[in-house]
Structures are given as structure tokens and as C-alpha cells.
Amino acid sequence: KYFAARVVPALLESWEPSWNVAPTQTLVGLVETAAGERVLQAFKWGFRDRLFNARSETVAVSAAFREAVRTHRIAVPVDGFFEWEGEGRRRRPRFFTRADGDPLVLAGLWEKGEGGLACTILTTASGPDVAAVHDREPVVLEPAELARWLHPHPLRQSEIDALCRHTDAGTLTSHLVDRGVGDVRNDSPDLIRPVAADADPPEPEPLTLFG
């Protein structure tokens with residue numbers, strides 16, 4: 001419906017839904033071949049050396065990412081992402097989704113290494129919907145930007161900047177969720193359901209995914 005892509009058989013055979021994906025686990029990524037075909041397949045989240053995220057402002061000059069950003073760009077469809085608000089032990093997780101109900105499509109890069117296909121997610125300075133919670137957010141691609149991002153031709157840093165800007169006000173909505181998302185062993189639909197602000201006691205400091 002959204003991507004007009006071919007799904008590789010291995011993904012169809014092995015994919016299972018997850019509500020709490022963490023670095024080193026599997027993400028579904030959309031790439032475009034030189035022939036113009038869009039393909040959905042599985043990627044491990046994280047380049048070598050634990051490079052889970054990449055700052056969009058510097059990828060064109062970064063030794064770790066400058067080759068991938070030239071021709072190995074990827075779009076990662078997700079239902080939403082978690083971020084934590086507050087201070088210290090009283091921090092609470094929020095689940096961010098698109099306000100219009102469509103999937104979020106995150107901009108990323110991919111590489112092929114000894115362990116197979118891997119990807120990293122691009123981040124940028126937060127827009128109005130996220131700024132009160134965190135100063136960074138994943139780069140969200142709008143439908144009109146998807147073709148330009150996926151096309152396997154080199155992009156200059158100025159073109160990357162134009163595509164990797166923060167989300168406009170009203171693009172995202174969020175709600176508090178259970179602190180169980182801080183433990184990657186937890187994985188169920190309950191983790192993305194809204195909870196009250198006083199639903200559970202403080203827990204240890206969580207992992208920030210898009211810091």
C-alpha cells in the first residue's frame with residue numbers, strides 16, 4: 001500500500017512483529033536497486049563498532065558514513081519510536097507516532113559486512129513535537145521525499161540537509177507508555193499502550209535510542 005516494493009522471501013519466512021526493537025536487533029528496510037526496483041528486506045540495526053545512529057549534519061564528511069550516504073541510503077518503516085522525558089530516576093518513556101496514523105518512515109544508511117546487511121538511523125535536531133522531551137529526533141521522511149532519498153545517486157551535504165530537516169509542528173503525536181520498554185526482554189503490544197503519569201514507580205536510568 002505505501003511502498004510498492006518487493007519483499008524478499010527470507011523476510012517473509014523469518015519476520016516477526018516487535019514492539020520494543022533495540023540496537024543489534026532486526027529492522028525492516030526499504031532500498032532501491034540501480035534498476036529502480038524497491039525491495040523490503042531485513043537489516044541488523046547498527047553498523048560495525050556499535051554505530052546505531054548517524055548525525056545527518058555530518059554524514060557526508062564522516063569517515064564512518066560518507067561512503068554509505070553516497071549510494072547506500074535506506075528508508076526504515078516503523079509504527080513509532082520511544083523517547084524519555086524528565087530527569088534522573090523519574091524519567092518516563094513516550095511513544096511517538098505520526099499524527100495522521102500513517103507509518104513513520106525513518107531515513108537511514110546501510111552496509112554489507114561480514115555479518116550480513118546492517119543499517120543505521122539518521123538523526124537531526126528535534127522539531128517542535130519532540131523538543132520538549134529531547135534535543136534530537138530520528139529523521140522522518142515525508143512521502144514526497146522518499147523517491148529522492150532512495151534513488152541510488154550521490155547526494156551533496158546541502159541536499160542531505162534539505163531532506164533531513166526536523167519534523168514540522170503537528171507531524172508527530174505522543175503518549176506516555178510503560179517503563180517496561182527500558183528492558184529489551186519485554187516485547188508485547190502492551191508496551192505502546194497509553195498509561196497514566198503515575199502508573200508505576202521510578203526505574204533505573206534507561207537507554208536513549210536517538211541521543
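Predicted model: local features only at pLDDT ≥ 70, side-chain atom pairs only at ≥ 80, totals over all residues.

Along the principal axes, the C-alpha atoms occupy a box of roughly 55 × 40 × 35 Å. The radius of gyration is 17 Å, which agrees with the value near 17 Å for a compact globule because the protein has 211 residues.

Among contacts in the protein with a separation of 6 or more, 69% are accounted for by residues 24 or more positions apart. Of the 211 residues, 45% count as buried. The accessible surface comes to about 10,900 Å², and carbon and sulfur atoms contribute 52% of that area. As for charge, the protein carries 24 positive and 31 negative side chains. The centres of these two sets lie 4 Å apart.

Ala 68 gives a local view. This residue belongs to helix α2, which covers residues 66-71. Is Ala 68 buried or exposed? Its relative accessibility is 10%, and the cut-off for burial is under 20%, so Ala 68 counts as buried.

Which residues does Ala 68 touch, leaving aside those up to four places away in sequence? They are Phe 47, Arg 73, Leu 109 and Trp 110. Leu 109 is 41 residues from Ala 68 along the chain, yet the C-alpha atoms of the two are separated by 6.0 Å.

Technical notes: Residues numbered from 1 in each chain as written. Heavy atoms only, no water. Rg over C-alpha atoms; globule rule 2.2 N^0.38 Å. Buried < 20%, exposed > 50% of the residue type's maximum accessible area, 1.4 Å probe, protein only. Contact = heavy atoms within 4.5 Å. Areas by Shrake-Rupley, 256 points an atom, 1.4 Å probe, with all protein chains shown as cover. Lys, Arg positive; Asp, Glu negative; His and termini not counted. Charge placed at Lys NZ, Arg CZ, Asp CG, Glu CD. Helix = DSSP H or I, 4+ residues; strand = E, 2+ residues; numbered from the N terminus.
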